Amino acid sequence: MVLDSSGSMADGDGAGSTRIAAARKAVGTVVDGLPDGHPTGLRVYGADKPRGCEDTRLVTPVRPLDRAGIKASVAAVEPKGDTPIGLSLRKAAQDLPAAPEGAIGRRSILLISDGEDNCGAPEPCKVAAQLGAKGVDLRIDTIGFQVRGKAREQLECVAEAGHGSYYDAPDAKALARQLERAARLSSDGYRFKGTRITGGGSAARAEPVGAGQYLDTIGPGETRWYEAELDAASTAEFAATAVPQPGVPVAFGDGLEVTLAGTGEYAPTCERNTVSFGQDEGAHPLTGAAARIPSADGGGSCDKAGTYHFAVTRKSEASSDRARWPLEIRHTTEEPLRKGVTPAQSAPEYGAGGKDARLPTGAPETTHGGTGFNDAAKLGKGVWKDTLLPAQTRWYRVPVGWGQQVRYDVEFANEPTLDEDTSALSFVRTDVYSPGRHPVADGAEFTPRTTYTGEPTAVSHGTVPVSWTNRYETSGGVTPVHRNGDYYIAVTLGAEAARIAENAAVGVILRVDVKGRQKTGPQHNAPPVRDAAGGGDREENGTGAGDGGGDGAGWSGPVVAAVAGGTGVALLGGLAAAYVRARRGRGAPAAAGAWAGAGVHAGTDSGTGSGTGTGTGTGPEDSTRGGAW
């Protein structure tokens with residue numbers, strides 16, 4: 001955190017106190033709410049002498065969170081001097097430790113100021129642009145405390161150039177609210193996991209990948225190429241998750257195009273999909289996927305064994321965020337059914353899990369959604385409550401077995417709203433992903449996106465029943481639902497909700513149901529799974545599929561290991577769409593008999609670790625976490 005301690009911070013805050021007193025209280029509230037051990041530091045400017053454009057000082061180095069130490073440092077600050085914002089930003093970036101080699105980390109500078117830079121050089125916006133151009137890991141947020149005119153314009157410019165957000169705080173209460181939002185967004189940033197690679201700039205330079213998870217970056221208008229060796233019989237899935245800084249500028253059509261294709265002179269395209277933000281309010285994580293599913297008769301253009309290319313293209317308007325975005329790549333393969341196994345029929349209808357489905361009622365249990373796929377919170381059948389910050393996405397995972405389907409609603413209650421901007425509008429959305437991270441389309445059955453104004457509203461989504469043969473269907477709401485395991489739910493609140501909600505975070509209720517009897521496998525007439533005591537069938541059970549979809553019959557979904565830890569924020573005092581799968585018809589499967597083997601493979605990375613403290617954590621080399629305030 002960078003805290004303004006210039007002379008103007010001694011002025012009144014309009015509520016009977018001083019601006020510096022309001023800042024001290026707000027900083028204290030924020031550090032109380034940060035995770036234990038989260039790497040945090042504090043820099044101040046204008047605190048040591050009445051005049052001087054070099055008056056900037058690191059009062060608390062970036063280290064495992066020392067709540068008492070930061071509060072004591074802020075309490076000792078007395079406003080005196082000038083406002084060297086540009087120099088303080090440059091120093092703040094030097095205060096932050098670098099991410100571990102080969103890792104994708106997130107570091108944040110949070111500048112709190114009540115005025116514009118009065119030193120001239122270095123110019124704050126230019127410094128922010130220079131820092132923002134150096135990589136993917138630095139974000140600069142700014143909070144304007146009772147500012148207007150040129151001061152506000154300068155802070156907005158710094159935030160935009162630094163790939164962050166500007167928060168307006170017209171009074172002490174707003175300062176505390178906005179500071180809490182910025183701090184929590186940083187500490188709850190996406191937890192990455194994977195082996196660091198660099199995708200090729202062309203098909204000829206495609207980066208080889210096997211089944212597993214990988215980390216890369218992608219710039220505006222860029223295409224990254226990867227290649228994999230596939231056999232003739234296994235299903236191969238590729239997913240790419242782009243993770244921009246939350247809330248940064250994007251255009252309606254910005255997004256990802258993913259393509260899986262063969263190689264050679266007449267390379268067939270196996271699948272191509274595009275996923276976009278579908279709004280221009282601000283960025284959030286975005287996942288696109290493509291698959292090679294061998295045809296039932298073996299005569300498809302992508303059925304042959306050989307080298308295949310997976311290409312990811314970032315589509316971006318000139319006015320959108322220009323930073324490179326972290327890219328999490330996941331590649332899984334699924335072997336064909338064992339010889340002699342006849343799969344159950346496909347299940348393309350929602351049935352009991354449609355839009356009018358009855359969902360659980362009763363008192364909600366508290367849950368804390370994860371930051372992404374890797375640490376998604378496990379949910380079963382029931383009613384759950386959580387909170388969402390503006391520009392935040394929360395993640396959950398629901399185990400779903402063969403023959404089962406997930407169905408859920410996300411409800412937003414009546415929230416206290418701000419009086420100053422009654423015209424503000426935002427959005428809420430929810431997305432469902434298969435175990436292979438394929439987006440599952442809503443099939444016009446549900447309402448996955450709606451407007452948010454602070455009044456009660458809800459979004460809904462779900463899947464058809466899980467069936468092995470769904471892979472041969474052509475609907476984007478059916479084809480991805482061909483494997484048992486963890487299905488992922490993402491819930492996003494738009495960035496403009498910061499202009500609507502009076503509370504720092506907004507409350508949400510999730511009503512989750514897993515409908516249908518869980519079958520022991522994908523085969524025709526598979527018996528239901530029995531409970532642990534050998535009693536009744538397992539029906540409409542939120543935990544029946546297990547933690548990775550294991551079913552005791554030789555078929556299983558991939559296990560995604562949750563990785564603790566995360567991003568950090570440097571508090572420097574004074575620095576202060578719809579996804580559509582267009583799948584070619586593959587026809588119904590022939591009677592099984594030529595299939596051999598079974599199983600899903602997604603690499604061997606499975607460690608866990610902690611990103612608190614110094615931000616380095618422990619765990620496998622392909623885990624990325626940590627960062628610093």
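Predicted model: local features only at pLDDT ≥ 70, side-chain atom pairs only at ≥ 80, totals over all residues.
View 1. Numbered in sequence order, the bonded cysteines of the protein pair 1-2, 3-4, 5-6. The structure holds three disulfides, a disulfide being a pair of cysteine sulfur atoms within 2.5 Å.

**View 2. The disulfide of Cys53 and Cys119**. The S to S distance is 2.2 Å. The torsion about the S-S bond is about -90°, so this link is left-handed. Cys53 sits in the loop between strand 2 (40-45) and strand 3 (56-63), and Cys119 in the loop between strand 4 (106-113) and helix 4 (124-132), so the bond ties together parts that are 66 residues apart in sequence. Helices (H or I, at least four residues) and strands (E, at least two) are DSSP runs, numbered from the N terminus. Cys53 is partly exposed at 34% relative accessibility. Buried means under 20% relative accessible area, exposed over 50%, partly exposed in between (1.4 Å probe, protein chains only).

**View 3. The disulfide of Cys270 and Cys302**. Here S to S is 2.2 Å. With -100° about the S-S bond, the link is left-handed. Cys270 is buried at 9% relative accessibility. Cys302 is also buried, with a relative accessible area of 9%.

**View 4. Helix 3, residues 85-95**. Eight of its eleven residues are buried, so helix 3 is largely enclosed by the rest of the structure. Among the buried residues are Ile85, Leu87, Leu89 and Asp95.

**Notes.** Residues are numbered from 1 along each chain as its sequence is written, and side-chain values use heavy atoms, leaving out hydrogens and water. Local features need pLDDT of at least 70, side-chain atom pairs count only at pLDDT 80 or more, and totals for chains, interfaces and linings use all residues.
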